[in-house]
Amino acid sequence: MARNSRIVRRAGRLGVVAAAIVVAACMQLGAQNDPQAAVNAAFNKFKTLKEGKNADYIPALAKVDPNLFGIALVTTDGKVYSAGDLTTEVSIQSISKVFTMAQVIQEQGPEAIEKRIGVDATGARFNSIIAIEAVRNVVGSGAPEMNALVNPGAISATSMVTGANADAVWAKIIGFHNDFTGRQLKVLQDVYKSESDSNQRNQAIGALMFAYGYIKTDWRQAVDLYTRQCSIGVNAKDLATMAATLAARGKNPVTGKQVMDPAKVPPVLAVMATAGLYDDSGKWLYHTGLPAKSGVGGGIIAVSPGKFGIAVISPPLDDAGNSVRAQRAIAEISNALNGNPLAGGR
Ligand code: DON
(Lines give C-alpha, C1' and ligand atoms only; values in the text may rest on other atoms or scores of the structure.)
Protein backbone atom coordinates (compact mmCIF):
# COMPACT_ATOMS: atom_id res chain seq x y z
CA MET A 1 0.00 0.00 0.00
CA ALA A 2 2.77 2.40 1.13
CA ARG A 3 4.80 1.37 -1.92
CA ASN A 4 1.87 2.11 -4.21
CA SER A 5 1.33 5.59 -2.79
CA ARG A 6 5.08 6.33 -3.13
CA ILE A 7 4.84 5.33 -6.78
CA VAL A 8 1.78 7.56 -7.24
CA ARG A 9 3.55 10.53 -5.55
CA ARG A 10 6.65 10.01 -7.68
CA ALA A 11 4.58 9.81 -10.86
CA GLY A 12 2.83 13.02 -9.79
CA ARG A 13 6.17 14.80 -9.29
CA LEU A 14 7.42 13.58 -12.67
CA GLY A 15 4.20 14.86 -14.22
CA VAL A 16 4.76 18.32 -12.76
CA VAL A 17 8.38 18.38 -13.98
CA ALA A 18 7.32 17.20 -17.46
CA ALA A 19 4.59 19.86 -17.61
CA ALA A 20 7.12 22.55 -16.59
CA ILE A 21 9.50 21.40 -19.34
CA VAL A 22 6.71 21.46 -21.91
CA VAL A 23 5.62 24.98 -20.78
CA ALA A 24 9.24 26.25 -20.92
CA ALA A 25 9.75 24.67 -24.36
CA CYS A 26 6.50 26.23 -25.62
CA MET A 27 7.53 29.63 -24.25
CA GLN A 28 10.88 29.30 -25.98
CA LEU A 29 9.19 28.25 -29.22
CA GLY A 30 6.67 31.07 -28.83
CA ALA A 31 9.49 33.58 -28.30
CA GLN A 32 11.26 32.28 -31.41
CA ASN A 33 8.28 32.84 -33.65
CA ASP A 34 6.84 35.81 -31.89
CA PRO A 35 8.88 38.99 -31.29
CA GLN A 36 6.26 40.31 -28.86
CA ALA A 37 6.57 37.15 -26.75
CA ALA A 38 10.37 37.55 -26.74
CA VAL A 39 10.12 41.23 -25.75
CA ASN A 40 7.59 40.48 -22.98
CA ALA A 41 9.66 37.59 -21.64
CA ALA A 42 12.82 39.76 -21.41
CA PHE A 43 10.90 42.65 -19.86
CA ASN A 44 9.47 40.39 -17.15
CA LYS A 45 12.79 38.65 -16.56
CA PHE A 46 14.79 41.85 -16.05
CA LYS A 47 12.25 44.34 -14.68
CA THR A 48 13.44 43.82 -11.11
CA LEU A 49 17.19 43.76 -11.92
CA LYS A 50 18.89 46.52 -9.94
CA GLU A 51 22.57 46.24 -10.94
CA GLY A 52 24.60 49.24 -12.14
CA LYS A 53 24.52 52.96 -11.43
CA ASN A 54 23.44 56.05 -13.36
CA ALA A 55 26.27 58.08 -14.91
CA ASP A 56 26.96 61.06 -12.63
CA TYR A 57 29.94 62.82 -14.27
CA ILE A 58 27.26 64.78 -16.15
CA PRO A 59 25.15 65.95 -13.16
CA ALA A 60 21.80 65.92 -15.06
CA LEU A 61 22.18 62.19 -15.79
CA ALA A 62 22.39 61.32 -12.09
CA LYS A 63 18.85 62.70 -11.64
CA VAL A 64 17.21 60.45 -14.25
CA ASP A 65 14.87 57.78 -12.76
CA PRO A 66 16.99 54.59 -12.53
CA ASN A 67 13.82 52.45 -12.73
CA LEU A 68 13.02 53.67 -16.23
CA PHE A 69 12.86 50.56 -18.46
CA GLY A 70 11.60 50.49 -22.03
CA ILE A 71 12.15 47.98 -24.84
CA ALA A 72 11.28 48.44 -28.52
CA LEU A 73 11.96 46.23 -31.51
CA VAL A 74 11.24 47.39 -35.06
CA THR A 75 11.43 44.88 -37.90
CA THR A 76 12.77 45.72 -41.35
CA ASP A 77 9.19 45.60 -42.62
CA GLY A 78 8.15 48.25 -40.11
CA LYS A 79 6.38 46.25 -37.39
CA VAL A 80 6.87 47.59 -33.87
CA TYR A 81 6.96 45.42 -30.72
CA SER A 82 7.45 46.93 -27.29
CA ALA A 83 7.23 46.65 -23.52
CA GLY A 84 7.61 49.09 -20.64
CA ASP A 85 8.17 52.83 -20.94
CA LEU A 86 8.10 54.02 -24.54
CA THR A 87 7.43 57.71 -24.03
CA THR A 88 10.01 59.02 -21.54
CA GLU A 89 12.94 60.63 -23.35
CA VAL A 90 16.53 60.26 -22.24
CA SER A 91 19.55 61.96 -23.82
CA ILE A 92 20.87 59.94 -26.75
CA GLN A 93 24.51 60.54 -25.67
CA SER A 94 27.06 58.38 -27.46
CA ILE A 95 24.46 56.66 -29.64
CA SER A 96 24.46 59.93 -31.64
CA LYS A 97 28.08 59.18 -32.59
CA VAL A 98 26.82 56.43 -34.92
CA PHE A 99 24.62 58.82 -36.85
CA THR A 100 27.11 61.66 -37.16
CA MET A 101 29.69 59.16 -38.40
CA ALA A 102 27.02 57.80 -40.79
CA GLN A 103 26.34 61.34 -42.01
CA VAL A 104 30.01 61.89 -42.84
CA ILE A 105 30.15 58.48 -44.57
CA GLN A 106 26.99 59.33 -46.51
CA GLU A 107 28.31 62.73 -47.64
CA GLN A 108 32.02 62.07 -48.07
CA GLY A 109 32.35 58.29 -48.41
CA PRO A 110 33.65 55.61 -45.99
CA GLU A 111 37.29 56.48 -46.74
CA ALA A 112 36.87 59.97 -45.26
CA ILE A 113 36.31 58.48 -41.79
CA GLU A 114 38.94 55.78 -42.29
CA LYS A 115 41.66 58.21 -43.32
CA ARG A 116 41.03 60.98 -40.79
CA ILE A 117 39.96 59.01 -37.71
CA GLY A 118 40.51 55.30 -38.35
CA VAL A 119 38.25 52.29 -37.85
CA ASP A 120 40.08 50.36 -35.14
CA ALA A 121 39.12 49.73 -31.54
CA THR A 122 41.29 51.62 -29.06
CA GLY A 123 40.78 49.16 -26.22
CA ALA A 124 40.53 52.20 -23.97
CA ARG A 125 37.66 53.99 -22.23
CA PHE A 126 35.43 56.22 -24.34
CA ASN A 127 37.02 59.45 -23.14
CA SER A 128 40.62 58.28 -22.92
CA ILE A 129 43.29 60.89 -23.54
CA ILE A 130 46.05 58.28 -23.57
CA ALA A 131 44.33 56.81 -26.67
CA ILE A 132 44.92 60.13 -28.45
CA GLU A 133 48.62 59.98 -27.66
CA ALA A 134 48.72 56.38 -28.92
CA VAL A 135 47.11 57.46 -32.20
CA ARG A 136 49.61 60.25 -32.54
CA ASN A 137 52.41 57.71 -32.41
CA VAL A 138 51.14 55.91 -35.50
CA VAL A 139 50.49 59.01 -37.58
CA GLY A 140 52.83 58.93 -40.55
CA SER A 141 52.93 55.15 -40.54
CA GLY A 142 49.40 54.59 -41.84
CA ALA A 143 45.81 55.46 -40.97
CA PRO A 144 45.11 56.48 -37.39
CA GLU A 145 44.15 53.61 -35.09
CA MET A 146 41.04 55.08 -33.57
CA ASN A 147 37.34 55.18 -34.38
CA ALA A 148 34.43 57.63 -34.55
CA LEU A 149 32.62 56.04 -31.59
CA VAL A 150 35.06 57.12 -28.88
CA ASN A 151 34.99 60.78 -27.86
CA PRO A 152 38.12 62.01 -29.71
CA GLY A 153 37.01 60.34 -32.96
CA ALA A 154 33.39 61.42 -32.47
CA ILE A 155 34.30 65.07 -31.89
CA SER A 156 36.44 64.88 -35.04
CA ALA A 157 33.55 63.33 -37.00
CA THR A 158 31.27 66.15 -35.87
CA SER A 159 33.90 68.64 -37.05
CA MET A 160 33.76 66.99 -40.50
CA VAL A 161 30.06 67.75 -41.08
CA THR A 162 30.15 70.67 -43.48
CA GLY A 163 28.12 73.88 -43.27
CA ALA A 164 28.49 77.64 -43.57
CA ASN A 165 28.26 78.18 -39.80
CA ALA A 166 27.43 76.35 -36.56
CA ASP A 167 23.66 76.70 -37.06
CA ALA A 168 23.87 75.26 -40.58
CA VAL A 169 25.93 72.29 -39.38
CA TRP A 170 23.55 71.73 -36.47
CA ALA A 171 20.51 71.80 -38.80
CA LYS A 172 22.13 69.02 -40.83
CA ILE A 173 23.05 66.91 -37.78
CA ILE A 174 19.62 67.03 -36.17
CA GLY A 175 17.96 66.66 -39.58
CA PHE A 176 19.84 63.41 -40.18
CA HIS A 177 18.83 62.12 -36.73
CA ASN A 178 15.20 63.12 -37.49
CA ASP A 179 15.28 61.07 -40.70
CA PHE A 180 16.39 58.00 -38.77
CA THR A 181 13.66 58.33 -36.13
CA GLY A 182 10.97 59.65 -38.47
CA ARG A 183 10.08 62.50 -36.15
CA GLN A 184 11.32 65.95 -35.15
CA LEU A 185 13.73 65.57 -32.23
CA LYS A 186 14.70 68.24 -29.70
CA VAL A 187 17.66 68.90 -27.45
CA LEU A 188 17.01 68.27 -23.74
CA GLN A 189 18.15 71.70 -22.58
CA ASP A 190 18.84 70.70 -18.96
CA VAL A 191 21.22 67.96 -20.16
CA TYR A 192 22.87 70.26 -22.71
CA LYS A 193 23.49 72.90 -20.03
CA SER A 194 24.69 70.39 -17.47
CA GLU A 195 27.07 68.75 -19.97
CA SER A 196 28.31 72.10 -21.32
CA ASP A 197 29.13 73.18 -17.75
CA SER A 198 31.03 69.97 -17.02
CA ASN A 199 32.67 68.98 -20.34
CA GLN A 200 36.18 70.30 -19.70
CA ARG A 201 37.62 66.88 -20.47
CA ASN A 202 35.95 66.86 -23.91
CA GLN A 203 37.26 70.38 -24.50
CA ALA A 204 40.77 69.11 -23.74
CA ILE A 205 40.16 66.22 -26.16
CA GLY A 206 38.93 68.63 -28.86
CA ALA A 207 41.95 70.89 -28.38
CA LEU A 208 44.36 67.94 -28.57
CA MET A 209 42.69 66.53 -31.68
CA PHE A 210 43.03 69.97 -33.28
CA ALA A 211 46.66 70.27 -32.20
CA TYR A 212 47.44 66.89 -33.77
CA GLY A 213 45.64 67.69 -37.04
CA TYR A 214 42.60 65.42 -36.76
CA ILE A 215 40.27 68.40 -36.40
CA LYS A 216 40.84 70.97 -39.08
CA THR A 217 38.06 73.44 -38.22
CA ASP A 218 37.11 75.33 -35.05
CA TRP A 219 37.48 72.69 -32.29
CA ARG A 220 35.36 74.71 -29.82
CA GLN A 221 32.48 74.65 -32.27
CA ALA A 222 32.97 70.90 -32.80
CA VAL A 223 32.89 70.22 -29.04
CA ASP A 224 29.77 72.37 -28.61
CA LEU A 225 27.92 70.67 -31.48
CA TYR A 226 29.02 67.26 -30.19
CA THR A 227 27.64 68.18 -26.74
CA ARG A 228 24.37 69.28 -28.36
CA GLN A 229 24.03 66.08 -30.37
CA CYS A 230 24.61 64.03 -27.20
CA SER A 231 21.75 65.96 -25.51
CA ILE A 232 19.09 65.09 -28.12
CA GLY A 233 16.06 63.53 -26.39
CA VAL A 234 14.92 60.09 -27.59
CA ASN A 235 12.58 57.35 -26.40
CA ALA A 236 12.95 53.59 -26.86
CA LYS A 237 10.88 53.54 -30.05
CA ASP A 238 12.97 56.35 -31.60
CA LEU A 239 16.15 54.40 -30.91
CA ALA A 240 14.74 51.12 -32.23
CA THR A 241 13.59 52.86 -35.43
CA MET A 242 17.09 54.28 -35.89
CA ALA A 243 18.56 50.80 -35.46
CA ALA A 244 15.94 49.30 -37.79
CA THR A 245 16.86 51.85 -40.49
CA LEU A 246 20.41 50.51 -40.38
CA ALA A 247 19.03 46.92 -40.38
CA ALA A 248 16.97 47.79 -43.49
CA ARG A 249 19.95 48.95 -45.60
CA GLY A 250 19.40 52.62 -44.84
CA LYS A 251 15.65 52.79 -45.43
CA ASN A 252 13.52 53.88 -42.48
CA PRO A 253 11.02 51.00 -42.36
CA VAL A 254 8.39 53.09 -40.61
CA THR A 255 8.44 56.20 -42.85
CA GLY A 256 9.71 54.48 -46.00
CA LYS A 257 12.37 57.18 -46.54
CA GLN A 258 15.76 56.05 -47.91
CA VAL A 259 18.01 57.85 -45.43
CA MET A 260 21.41 56.46 -46.52
CA ASP A 261 22.82 54.71 -49.57
CA PRO A 262 22.55 50.96 -48.91
CA ALA A 263 26.22 50.47 -49.80
CA LYS A 264 27.29 52.93 -47.07
CA VAL A 265 25.55 51.11 -44.23
CA PRO A 266 27.99 48.14 -43.81
CA PRO A 267 30.96 50.38 -42.85
CA VAL A 268 28.78 51.98 -40.15
CA LEU A 269 27.81 48.55 -38.80
CA ALA A 270 31.45 47.42 -38.90
CA VAL A 271 32.57 50.21 -36.58
CA MET A 272 29.59 49.51 -34.28
CA ALA A 273 30.61 45.84 -34.15
CA THR A 274 34.22 46.60 -33.26
CA ALA A 275 33.78 49.59 -30.94
CA GLY A 276 30.09 50.13 -30.09
CA LEU A 277 30.35 48.99 -26.48
CA TYR A 278 33.85 50.39 -25.97
CA ASP A 279 36.28 48.11 -24.18
CA ASP A 280 33.49 45.52 -23.76
CA SER A 281 32.75 45.34 -27.50
CA GLY A 282 34.49 41.96 -27.87
CA LYS A 283 32.47 40.36 -25.07
CA TRP A 284 29.25 41.77 -26.51
CA LEU A 285 30.00 40.50 -30.03
CA TYR A 286 31.00 37.11 -28.66
CA HIS A 287 27.61 36.65 -27.04
CA THR A 288 25.30 38.33 -29.56
CA GLY A 289 27.09 38.96 -32.87
CA LEU A 290 25.18 42.25 -33.10
CA PRO A 291 26.59 45.63 -34.16
CA ALA A 292 25.46 47.89 -31.30
CA LYS A 293 26.02 51.22 -29.60
CA SER A 294 25.54 52.36 -26.03
CA GLY A 295 25.06 55.79 -24.50
CA VAL A 296 25.61 56.96 -20.92
CA GLY A 297 21.98 58.14 -20.87
CA GLY A 298 21.10 54.43 -20.52
CA GLY A 299 20.16 53.54 -24.10
CA ILE A 300 21.61 50.79 -26.25
CA ILE A 301 20.73 50.11 -29.88
CA ALA A 302 21.56 46.88 -31.71
CA VAL A 303 21.13 45.87 -35.34
CA SER A 304 20.31 42.46 -36.76
CA PRO A 305 20.92 43.20 -40.46
CA GLY A 306 17.95 42.33 -42.67
CA LYS A 307 15.84 41.41 -39.64
CA PHE A 308 15.33 44.07 -36.97
CA GLY A 309 16.63 46.94 -34.93
CA ILE A 310 16.21 46.83 -31.17
CA ALA A 311 16.67 49.38 -28.39
CA VAL A 312 16.43 49.33 -24.63
CA ILE A 313 16.55 52.26 -22.24
CA SER A 314 17.58 51.64 -18.63
CA PRO A 315 19.92 54.23 -17.02
CA PRO A 316 22.06 52.18 -14.57
CA LEU A 317 25.42 51.42 -16.20
CA ASP A 318 28.26 48.98 -15.65
CA ASP A 319 31.92 49.98 -15.25
CA ALA A 320 32.47 50.26 -19.02
CA GLY A 321 29.59 52.78 -19.29
CA ASN A 322 27.02 50.42 -20.84
CA SER A 323 23.47 49.91 -19.51
CA VAL A 324 23.30 46.66 -17.56
CA ARG A 325 19.63 45.84 -18.21
CA ALA A 326 19.80 46.93 -21.85
CA GLN A 327 22.67 44.52 -22.54
CA ARG A 328 20.88 41.62 -20.85
CA ALA A 329 17.48 42.28 -22.45
CA ILE A 330 18.83 42.78 -25.97
CA ALA A 331 20.97 39.64 -25.81
CA GLU A 332 18.02 37.60 -24.52
CA ILE A 333 15.58 38.87 -27.16
CA SER A 334 17.98 38.63 -30.07
CA ASN A 335 19.06 35.12 -29.16
CA ALA A 336 15.38 34.07 -28.86
CA LEU A 337 14.72 35.47 -32.35
CA ASN A 338 17.88 34.04 -33.97
CA GLY A 339 19.11 37.60 -34.46
CA ASN A 340 22.84 36.76 -34.40
CA PRO A 341 24.12 37.51 -37.94
CA LEU A 342 27.21 35.39 -37.32
CA ALA A 343 25.00 32.32 -36.88
CA GLY A 344 24.29 32.18 -40.60
CA GLY A 345 20.86 33.65 -41.20
CA ARG A 346 18.53 30.98 -39.81
O1 DON B 1 31.10 62.84 -24.12
C2 DON B 1 30.50 62.31 -23.20
O3 DON B 1 31.07 62.02 -22.17
C4 DON B 1 29.03 62.02 -23.34
N5 DON B 1 28.36 63.08 -23.98
C6 DON B 1 28.80 60.76 -24.11
C7 DON B 1 29.49 59.56 -23.51
C8 DON B 1 28.79 58.29 -23.75
O9 DON B 1 27.60 58.20 -23.96
C10 DON B 1 29.60 57.09 -23.58
N11 DON B 1 28.78 55.91 -23.79
N12 DON B 1 28.59 54.92 -23.24
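**Aromatic contacts**

I began with Tyr 57, which is partly exposed at 41% relative accessibility. The model is a predicted one.

I then counted ring pairs and got five aromatic pairs. In one of them, the ring centres of Tyr 57 and Phe 126 are 6.2 Å apart with the planes at 40°, so I logged the pair as tilted. I placed Tyr 57 in the loop between α2 (35-46) and α3 (59-62), and Phe 126 in the loop between α5 (110-116) and α6 (130-138); the pair therefore ties together parts 69 residues apart in sequence.

Next I checked Phe 126, which has a relative accessible area of 5% and is buried because the cut-off is under 20%. Phe 126 also pairs with Tyr 278, at 5.3 Å centre to centre and 45° between the planes, again tilted. Tyr 278 lies in the loop between α13 (265-275) and α14 (281-288), so this pair ties together parts 152 residues apart in sequence. I noted Tyr 278 as buried.

**A charge over a ring**

I looked at Phe 69 and found the charged end of Arg 325 over its ring, 4.1 Å from the ring centre.

**Strand pair**

Which sense do β1 and β2 pair in? I read β1 (residues 70-75) and β2 (residues 80-84) as antiparallel, with five bridges. I traced Ala 72 to its bridge partner in β2, Ser 82.

Terms used:
Residues are numbered from 1 along each chain as its sequence is written. This is a predicted model: local features need pLDDT of at least 70, side-chain atom pairs count only at pLDDT 80 or more; totals for chains, interfaces and linings use all residues. Side-chain values use heavy atoms; hydrogens and water are left out. Two strands pair if DSSP finds at least two bridges between them. Helices (H or I, at least four residues) and strands (E, at least two) are DSSP runs, numbered from the N terminus. Rings of Phe, Tyr and Trp (its six-membered ring) pair if their centres lie within 6.5 Å; planes under 30 degrees apart count as stacked, over 60 as edge-to-face and the rest as tilted. Buried means under 20% relative accessible area, exposed over 50%, partly exposed in between (1.4 Å probe, protein chains only). A charge sits over a ring if NZ of Lys or CZ of Arg is within 6 Å of the ring centre and within 35 degrees of the ring normal.
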